[in-house]
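Have the viewer ready and follow along.

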Amino acid sequence: MVTATESRVRALRIETTPVDGIRSLLFFAEQRSPLLWMRRGEGFVGAGEALRLEFSGPTRFTDAAAAWAEVAGLAQVHDSVGLPGTGLVAFGTFGFADDSSATSVLIVPEIIVGRRGSHSWVTRVSATDAADSADGSAHADDPVATAFGDDYRVTFRPGALPPAAFMESVASAVRHISASDARKVVLARDLVGTVPAGSDLRRVLAELALGYPDCWTFSVDGMLGSSPETLVRSEAGTVSARVLAGTAPRGRDAMTDENVATGLSRSPKDLAEHGFAVQSVLATLGPHTTRLQNSQPFTLQLPNLWHLATDVEGVLHDGSTSLDLVAAMHPTAAVAGTPTDAALTIIRELEPFDRGRYAGPVGWIDANGDGEWAIALRCAQVDADDSIRAYAGCGIVADSVPAEELAESRIKFRPIVEVFA
């Protein structure tokens with residue numbers, strides 16, 4: 001493994017070659033520390049660590065962008081596939097708060113196995129001096145598919161903010177909003193548990209990917225989940241995002257479900273919450289883009305709930321990389337509130353825990369700076385001591401009702417709780 005310091009003086013050699021017959025990506029990931037980015041069966045998995053870059057504090061995004069530019073500038077890339085996700089790629093996950101104790105990381109695996117459409121590939125990574133001193137080959141070992149380990153269960157219990165305390169925090173947030181301290185505040189609560197030693201985390205990732213195929217299923221450095229929200233995606237000079245805010249549970253039958261979706265699309269409370277989130281994204285992407293456009297809000301159907309969603313697209317004009325855009329956009333109103341600084345102050349007052357990487361950016365970046373980044377939602381952090389902490393948050397506005405927000409948080413916990421149950 002190349003450390004962050006060594007990356008300044010040692011270049012990486014990357015070779016991507018096409019392969020046939022890749023069906024299930026997850027079989028090529030590691031059992032206990034899988035690296036994964038996948039939606040609708042497409043994406044890539046990584047194994048091993050050829051390079052690990054670590055960051056923290058308020059400059060973590062800009063530091064990461066600068067470090068990655070240096071790594072990309074030194075890399076020797078041989079890519080005969082030429083698709084998004086081939087060549088030099090790093091998986092990343094970042095802490096939510098500037099003062100979080102959670103480490104933000106970029107990880108370049110030794111082996112990446114990917115699939116997009118009818119194309120599959122393998123990327124092998126090594127230090128150039130290691131290749132030169134051996135037989136001239138930069139190839140790491142061939143990727144190895146392994147069967148999933150035994151089934152297991154995790155029992156979750158309330159964390160630092162139990163249900164009653166969460167409702168009290170919601171009521172306090174409403175009072176702040178009524179006093180004009182903020183217009184929207186996103187409050188989270190947590191559940192904790194213990195994963196059995198030696199558990200194969202690929203099992204829960206496979207269930208998430210199957211149950212939520214239209215979400216980004218991810219796993220980076222123990223942060224895993226399925227997120228419906230695209231923070232930002234950049235490719236060949238274009239940029240896009242999907243904004244989610246405003247939630248309702250699915251109906252018990254087709255007619256009820258349709259009525260729920262219609263009610264959500266017309267709800268003044270949810271439309272106001274959604275509008276704050278959309279304006280947050282437009283304001284931050286605007287200086288970097290031309291022809292920035294957004295759709296009208298629409299209802300997005302997921303297996304367990306409805307969201308109000310808006311798609312945003314534009315053309316980059318200033319050469320920003322995906323990490324530059326992440327730095328500009330985080331935190332959006334969808335995960336913090338508005339105005340941002342006021343909302344973050346209230347969050348620090350009312351949430352008695354460090355969010356860690358929850359609601360932070362998670363995704364990948366390539367040698368050109370392009371990449372895909374989601375907001376880490378419907379997720380949990382699994383640490384080396386086998387502890388696990390899951391998170392769910394709700395957007396609080398002036399007419400939020402504490403009991404209803406608690407019920408919404410339970411719905412949002414379902415994807416993670418059910419795959420571990």
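A pocket here is an open set of grid points with protein on both sides within 12 Å along at least five of seven lines, and its lining residues have an atom within 4 Å of a point. Please keep in mind that this is a predicted model.

**The largest pocket**

With that in hand, start at the largest pocket, whose volume is about 450 Å³. Its lining is made up of 21 residues. To find the centre in your viewer, look for Phe96, Ala97, Asp98, Leu344 and Arg348, which lie nearest to it. Two helices, α1 (60-74) and α8 (340-350), each provide at least two lining residues. Of the contributions to this lining, that of α8 is the greatest, at five residues.

**Where two helices cross**

Next, turn to helix α6 (residues 268-285) and helix α7 (residues 322-329), whose axes come within 9 Å of each other. They cross at roughly 130 degrees.

| Helix | Residues in the contact |
|---|---|
| α6 | Val281, Thr284, Leu285 |
| α7 | Leu325, Ala328, Met329 |

By class, this contact of α6 with α7 holds five nonpolar residues and one polar residue, with no charged ones.

Definitions and conventions: Residues numbered from 1 in each chain as written. Predicted model: local features only at pLDDT ≥ 70, side-chain atom pairs only at ≥ 80, totals over all residues. Heavy atoms only, no water. Axes fitted to C-alpha atoms, helices over the stretch in contact; angles between N-to-C directions. Helix = DSSP H or I, 4+ residues; strand = E, 2+ residues; numbered from the N terminus. Contact = heavy atoms within 4.5 Å. Nonpolar A, V, L, I, M, F, W, Y, C, P; charged D, E, K, R; others polar. 1 Å grid on protein atoms, 1.4 Å probe; cavity = no way out; pocket = protein on both sides within 12 Å on 5 of 7 lines; lining within 4 Å. Points joined across faces, edges and corners; volume = space filled by probe spheres on them.
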